[in-house]
Amino acid sequence: MTNKIFAGAENVNLLSSFFYVLVSALFTVIFFCFDQSLKHPNLVNLIEVFRRKRKLHLVFEYCDHTVLHELERQTHGCPKHLTQSITWQTLRGVAYCHRHNIIHRDVKPENILLTSTGIVKLCDFGFARVMNPGEDYTDYVATRWYRAPELLVGDTQYGTPVDVWAIGCVFAELLRGAALWPGKSDVDQLYLIRRTLGDLTPRHMHVFRTNEFFRGITLPTPDTLDPLENKIPTDDRLVLDFLQRCLDKDPLRRWSCEQLLHHPYFDELLFDAALITEEPILSSRRNSREKSRTKLGPGLPHLAHNGRSPTAGIHQVSSVAVLPTI
């Protein structure tokens, strides 16, 4: 009897080891494929993969800490320059992925690494996916606090805007020193979002009502609203406007990473050669003539596409004059 027990345990261990190796190999292939196709200063670099004692080891370039560590140190929010630098570099890395038809799907503070010189390195491509037109994707991706409404309701037709939403949530967290919407469940997360941004889009409400996962569940309606202006400790209209562009409930109206990189919020960011060492840059501030060329109107309205770029009416930053080429 004892021998049978040990034999059974051995079989279970062998089976577990088999699945471990299989899963490890799968993630290794994912990391390797994405790393080989994505080379950018703001994406973590996979240096080597090797197997030792039946375990697979992935060796990445060394990074000093993560954005989460910064948030733990800066409990009342990060300094403006640090917030701008982290956000801008994260946008660069994600924009590069999007240009290569890849969505990351798990942008969050833990996955944004920082080197000792302040260079952002986006990591963890375990949820990343190559986009194919008309294909459905799983909605169970991303960490809840950074999950876009289309993911929370269970929409399987989504794209790059889910990464933009996550970047907006990280940006707000850098400003506040705490998560913008720390929901305890998907329904609670949707409630907190509605309490700040108002009702979801008709499509998202339809997807929620027809989702088997939410059968018998009614989405609670907030009694009062708690707008972004009350949740973000700033009077800077550019900060609020940038955040609104990231956190538009409608993914079709949400700005792309490329557009956000040219938002006036970054006009005064001084780019230091120590921040981005792998690419040539020009470190200079916007001169007063360029800064005063266009002012945002009152009320921070969302700009509809209507066949035009949603950046119409907002000053475009020249990548040649100020921003590094990406």
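**Chat on a predicted model**

User: How far apart in sequence are the residues that touch in this chain?
Analyst: Among contacts between residues at least 6 apart in sequence, 70% join residues at least 24 apart. Keep in mind that this is a predicted model.

User: How many helices and strands does the chain have?
Analyst: The protein chain has eleven helices and seven strands.

User: And what share of it is buried?
Analyst: Of the 326 residues, 48% count as buried. The accessible surface is about 16,700 Å², and carbon and sulfur atoms account for 57% of that.

User: Take α9. Is that helix enclosed or open?
Analyst: Helix α9, residues 237-246, is largely enclosed by the rest of the structure, because eight of its ten residues are buried.

User: Which ones are buried?
Analyst: Val239, Leu240, Asp241, Phe242, Leu243, Gln244, Arg245 and Cys246.

User: What covers them?
Analyst: The cover includes α3 (80-99), α5 (161-176), α8 (228-231) and α10 (257-261).

User: What caps the N-terminal end of α9?
Analyst: Aspartate 236 does, with a side-chain oxygen 2.9 Å from the backbone nitrogen of leucine 238.

User: Switching to glutamine 189. Where is it, and is it buried or exposed?
Analyst: Glutamine 189 sits in helix α6, residues 186-197. It has a relative accessible area of 0%, so it counts as buried.

User: What does its side chain's polar end meet?
Analyst: A polar atom of the glutamine 189 side chain lies 2.8 Å from the backbone nitrogen of glycine 183. Setting aside neighbours within four places in sequence, glutamine 189 is in contact with Arg144, Trp145, Leu152, Trp181, Pro182 and Gly183.

User: Now aspartate 64. Which element is it in?
Analyst: Aspartate 64 is in the loop between β2 (55-60) and β3 (65-66). Its relative accessibility is 40%, so it counts as partly exposed.

User: What is it in contact with, beyond its sequence neighbours?
Analyst: Leaving out residues within four places in sequence, aspartate 64 is in contact with Leu114, Thr115 and Ser116. Aspartate 64 and serine 116 are 52 residues apart in sequence, yet their C-alpha atoms are 5.4 Å apart.

User: Which side chain makes a polar contact with aspartate 64?
Analyst: That of histidine 65, at 3.1 Å.

User: Last topic, the second largest pocket. How much space is in it?
Analyst: About 180 Å³.

User: What lines it?
Analyst: The lining residues are Glu150, Asp155, Gln157, Tyr158, Gly159, Pro161, Thr201, Arg203, His204, Asp250, Pro251 and Leu252. By class, that lining has four nonpolar, four polar and four charged residues.

Methods:
Residues are numbered from 1 along each chain as its sequence is written. This is a predicted model: local features need pLDDT of at least 70, side-chain atom pairs count only at pLDDT 80 or more; totals for chains, interfaces and linings use all residues. Side-chain values use heavy atoms; hydrogens and water are left out. Helices (H or I, at least four residues) and strands (E, at least two) are DSSP runs, numbered from the N terminus. Buried means under 20% relative accessible area, exposed over 50%, partly exposed in between (1.4 Å probe, protein chains only). A polar contact is a pair of N or O atoms within 3.5 Å; within protein, one must be able to donate a hydrogen and the other to accept it, and residues adjacent in sequence count only if both atoms are side-chain atoms. Contact means heavy atoms within 4.5 Å. Accessible areas come from the Shrake-Rupley method with a 1.4 Å probe; for residues, only the protein chains shown count as cover. On a 1 Å grid over the protein atoms alone, a cavity is a set of points where a 1.4 Å probe fits but cannot get out, and a pocket is an open set with protein on both sides within 12 Å along at least five of seven lines; lining residues have an atom within 4 Å of a point. Grid points are joined across faces, edges and corners, and a volume is the space filled by probe spheres set on the points. Ala, Val, Leu, Ile, Met, Phe, Trp, Tyr, Cys and Pro count as nonpolar, Asp, Glu, Lys and Arg as charged, and the others, Gly among them, as polar.
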